[in-house]
Number of protein chains: 2
Amino acid sequence: MVTTPRTRVRNKRGEGAQLRDEIVDAAMALLEDGSPQNVTLRGIARRAGISAPSIYPHFPDLDSILLAVAQRAFGVLEQELGAPNETDPVERLRAICVAYLTFAERRPHQYRVMFGAVWDAGQALERAPAMADELAVLGMGAFEVFRRTLADCVAAGRSTSTDPFGDATALWVGLHGFAQLQVATPLFPWPPGLRDSIIDRMALLR
Amino acid sequence: MVTTPRTRVRNKRGEGAQLRDEIVDAAMALLEDGSPQNVTLRGIARRAGISAPSIYPHFPDLDSILLAVAQRAFGVLEQELGAPNETDPVERLRAICVAYLTFAERRPHQYRVMFGAVWDAGQALERAPAMADELAVLGMGAFEVFRRTLADCVAAGRSTSTDPFGDATALWVGLHGFAQLQVATPLFPWPPGLRDSIIDRMALLR
DNA sequence: GCGCGTAAGTTAACGCCTGTAAGTTCACAG
DNA sequence: CTGTGAACTTACAGGCGTTAACTTACGCGC
């Protein structure tokens with residue numbers, strides 16, 4: 001994160017691209033601490049300490065900023081998923097699932113940008129496929145962590161899965177649904193232990 | 001659905017409440033056929049054939065319209081989930097799951113309003129809890145269909161579930177995640193048969 | 001040291017949006 | 001047939017995304 005001085009000093013010649021990162025910084029910060037209705041192009045500009053049109057040399061529109069945010073957020077997610085280093089593959093898989101849910105819970109708006117962008121599809125509906133493509137590629141890195149760890153469980157004889165790819169997908173679907181619904185309907189009487197039962201069943205742990 | 005004449009005839013005295021329904025009609029129609037960026041207060045008013053301020057005697061703001069839309073959409077969902085009348089409880093449960101996914105697939109923007117409202121939380125972030133409350137209550141009707149049918153499966157000895165409520169919740173989570181992710185990342189190489197394996201595992205069918 | 005081209009920003013302005021305030025029309029009671 | 005109030009309109013304030021035109025000042029060539 002780059003600190004933004006109250007009165008911005010103009011970047012030096014040839015260093016204008018620095019502002020691009022500062023814009024993404026500002027957007028991520030805005031998404032982290034709060035009200036999503038402030039996540040506007042002008043709001044991002046205010047946070048970055050620049051005027052709104054100064055964004056356009058770096059991004060063609062708001063959606064592109066959010067795509068860059070999603071890109072960075074997927075990187076953070078992948079890193080956090082890769083952090084657990086339990087030697088036991090099942091415990092490691094559980095820790096990874098917890099890390100996934102924790103990410104979604106602590107950064108709900110970033111998570112939403114990562115997995116809801118195609119819905120929003122701001123102005124450019126025809127560009128939604130391109131965004132979907134980008135996001136699919138980005139997500140694969142994080143997904144690979146699930147697939148690989150589940151394969152480790154199978155190799156250790158701790159999962160009865162015969163299709164680690166398919167079952168990792170099922171696990172991901174379950175975790176995503178859980179993360180999303182808990183935010184969407186927090187007043188639902190969520191049964192305790194649901195998280196682990198989802199993990200056990202999707203990963204076919206025994 | 002109420003047809004909206006090109007030149008609106010003013011409602012009679014005491015029948016002003018009819019306009020409320022026409023506004024919700026217009027919003028639902030807008031959400032069904034397309035671009036979500038047209039779902040604005042003014043867009044709804046245009047579609048309904050009235051001026052934007054005419055909405056305010058009936059709804060305090062845009063979010064309230066969307067809440068009314070979600071209300072009606074939950075009613076439609078509940079009805080569609082109740083339609084399958086297979087005698088075999090397992091087949092009925094499968095048909096219900098398919099109906100759920102079909103609803104989400106064919107009305108993605110309505111589905112999004114139903115389960116994404118708390119995220120958006122337009123202007124009134126402090127009203128999000130109230131909306132979440134409303135939506136939780138609304139969703140219970142549809143959820144009950146799952147719980148009841150799963151209980152039927154257990155009674156018929158076709159599911160090993162010992163906690164129909166918890167397992168119906170798990171099933172719902174799985175279906176929601178599947179519906180949501182398929183729209184969000186359509187380019188992911190979705191494995192065939194994923195849907196049924198989610199249903200089987202979450203409902204503990206045998 | 002000193003122009004000066006050009007990168008790095010700015011201010012101004014357009015059209016659309018939400019939401020408010022004040023005005024207009026018209027059905028019906030008396 | 002006239003007044004009243006519900007139903008609806010026009011007009012406006014402030015915010016948004018985006019474009020165009022303008023200003024500032026860095027650093028290269030001389």
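**Helix packing and chain contact**

Tutor: The axes of helix 7 (residues 164-184) of chain A and helix 8 (residues 194-203) of chain A come within 8 Å and cross at roughly 160 degrees. This is a predicted model, where local features need pLDDT of at least 70, side-chain atom pairs count only at pLDDT 80 or more, and totals for chains, interfaces and linings use all residues. Residues are numbered from 1 along each chain as its sequence is written, chains are lettered from A and ligands numbered from 1 in the order in which they are written, and side-chain values use heavy atoms, leaving out hydrogens and water.

Student: What describes two packed helices?

Tutor: The angle between their axes and the distance between the axes. Axes are lines fitted to C-alpha atoms, for helices over the stretch in contact, with angles from 0 to 180 degrees between N-to-C directions. Helices (H or I, at least four residues) are DSSP runs, numbered from the N terminus.

Student: How are helix 7 of chain A and helix 8 of chain A oriented to each other?

Tutor: They are roughly antiparallel, since angles under 35 degrees count as roughly parallel, over 145 as roughly antiparallel, 65 to 115 as roughly perpendicular and the rest as oblique. Among the residues in contact (heavy atoms within 4.5 Å), helix 7 of chain A brings A:Leu171 and A:Phe178, and helix 8 of chain A brings A:Ile198 and A:Met202. By class, this contact has nine nonpolar, one polar and two charged residues. Here Ala, Val, Leu, Ile, Met, Phe, Trp, Tyr, Cys and Pro count as nonpolar, Asp, Glu, Lys and Arg as charged, and the others, Gly among them, as polar.

Student: At what angle does helix 7 of chain A pack with helix 7 of chain B?

Tutor: About 95 degrees, with the axes 7 Å apart. That makes the two helices roughly perpendicular. Their contact includes A:Trp172 and A:His176, along with B:Trp172 and B:His176.

Student: How is the size of an interface often given?

Tutor: As the accessible area lost when the parts come together. Between chain B and chain A, the buried area (accessible area, 1.4 Å probe, lost by two parts on being put together, summed over both) is about 4,200 Å², with 73% from carbon and sulfur atoms. Each chain's share is given too: 47 residues from chain B and 47 residues from chain A.

Student: How many salt bridges are there between chain B and chain A?

Tutor: Two; a salt bridge is a side-chain nitrogen of Lys or Arg within 4 Å of a carboxyl oxygen of Asp or Glu. B:Asp167 and A:Arg201 form a salt bridge at 2.5 Å, N to O.
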